[in-house]
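Reader: I am new to this structure and would like to go through it slowly. Could you take my questions one at a time?

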Amino acid sequence: MDILQVENVSKSYSSHRALDNVSLSVPEGQVYGLLGPNGAGKTTLIRIINHITAPDSGRVLLDGHQLTEADVCHIGYLPEERGLYKKMKVGEQALFFARLKGLPKHEATRSLREWFERFDILDWWDKKVEELSKGMAQKIQFIITVLHRPKLLIFDEPFSGFDPINAELLKNEILRLKEEGATVIFSTHNMASVEEICDNITLINKSRNILSGNVEEIRRKYFGNRYDLLYEGDDRSLMEALQSVGNEFEVTAADQLQGRRRLTFHLKEGVGLRDAIAIANDSVRLAGISESIASMNDIFIRAVREDESCR
Ligand SMILES: Nc1ncnc2c1ncn2[C@@H]1O[C@H](COP(=O)(O)OP(=O)(O)OP(=O)(O)O)[C@@H](O)[C@H]1O
């Protein structure tokens, strides 16, 4: 069942078209990535879903009905530009926002303390917000966003400003929220996080949806019929030997210690993998072969370039 459906949404700012007939469906209980180059239209779409901006045409459905202002309380939204009151103390402010979202004081305090402990920031409770670094303030904002347990969470660039340890912490918390039943949509430029936590994605380029689907399926299919050969020997002679069965050759050092190399190549249509292995074996010492799964980074670049070339 899809918790959110975006149907043919378009939006223009004066003469610029920020979204052009964008449609997507977000399955309930999954993590959904919104990807795209700078200025593609991700934040505009997120703002439309959150009822901050209205679309010029198209509609957004939540649980099958047209989303209204009243539904916004079921959505937790972490905007890209985050605002906290600088002079207020951290705990006091978190409590203030929790009360605004309708949590009784006792429950809000207990729940906030639990979150602060989990994020290892309990000793920040009485600090002033102005004393916090960017990443520290971001943790507080994250907690405020998820505290009232909305069923749909939308994070705009949640990883920006986080060091690798805190980014890992955030990833695990997003997965924990998913396990507890929440649906999470987030925009990001961090492709590693997409591979690690997203079930599905949509890639927007220049206001249009150019690629949607399940991350695993996209990664398997996108480049299609590609394999990694692990070997010891001469790169050039291996590539020459494989010319008749493959193309798009790319050599990388597989591991420095054993001096192994990795050749990634595309197997030509109608050629059996066994034939390629036999040819490779005659030319180098083959240590392994596996299907090559494209990275989201490669897919992002290729999909955007292909889209640009046919506009
Ligand atoms: N309030 C606004 N007024 C005018 N133009 C806007 C406004 N908001 C966004 N735009 C324009 O709409 C386009 C899409 O912007 P948007 O912020 O949605 O992109 P984005 O995909 O979130 O980009 P980034 O990855 O850089 O955050 C951009 O060209 C931007 O300049």
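Author: Let us begin with a term: a residue is near a molecule if its C-beta atom, placed from the backbone, lies within 6 Å of it. Please keep in mind that this is a predicted model.

Reader: Which residues are around the ligand?
Author: By that cut-off of 6 Å for the C-beta atom, the residues around the ligand are Y13, H16, A18, G36, N38, G39, A40, G41, K42, T43 and T44.

Reader: Which helix gives the most to the shell around the ligand?
Author: Two elements, strand 2 (16–27) and helix 1 (42–49), each supply at least two residues of this shell. By class, the shell has 3 nonpolar, 7 polar and 1 charged residues. The element that gives the most, with 3 residues, is helix 1.

Reader: Are helix 2 and helix 3 roughly parallel or oblique to each other?
Author: Helix 2 (residues 90–100) and helix 3 (residues 105–118) pack with their axes 10 Å apart and at an angle of about 130°. The contact is made by A94, L95, A98 and R99 of helix 2 together with K105, A108, T109 and L112 of helix 3, and by class it has 5 nonpolar, 1 polar and 2 charged residues. Given the angle between them, the two helices are therefore oblique.

Reader: How far does helix 5 reach from its first C-alpha to its last?
Author: Helix 5 (residues 164–179) has 16 residues, and at 1.5 Å a residue a reach of 22 Å is expected. Just after this helix, G181 takes a positive phi of about 110°.

Key. Residues numbered from 1 in each chain as written. Predicted model: local features only at pLDDT ≥ 70, side-chain atom pairs only at ≥ 80, totals over all residues. Helix = DSSP H or I, 4+ residues; strand = E, 2+ residues; numbered from the N terminus. Expected span 1.5 Å × (residues − 1). Nonpolar A, V, L, I, M, F, W, Y, C, P; charged D, E, K, R; others polar. Axes fitted to C-alpha atoms, helices over the stretch in contact; angles between N-to-C directions. Parallel < 35°, antiparallel > 145°, perpendicular 65-115°, else oblique. Contact = placed C-beta atoms within 7 Å.
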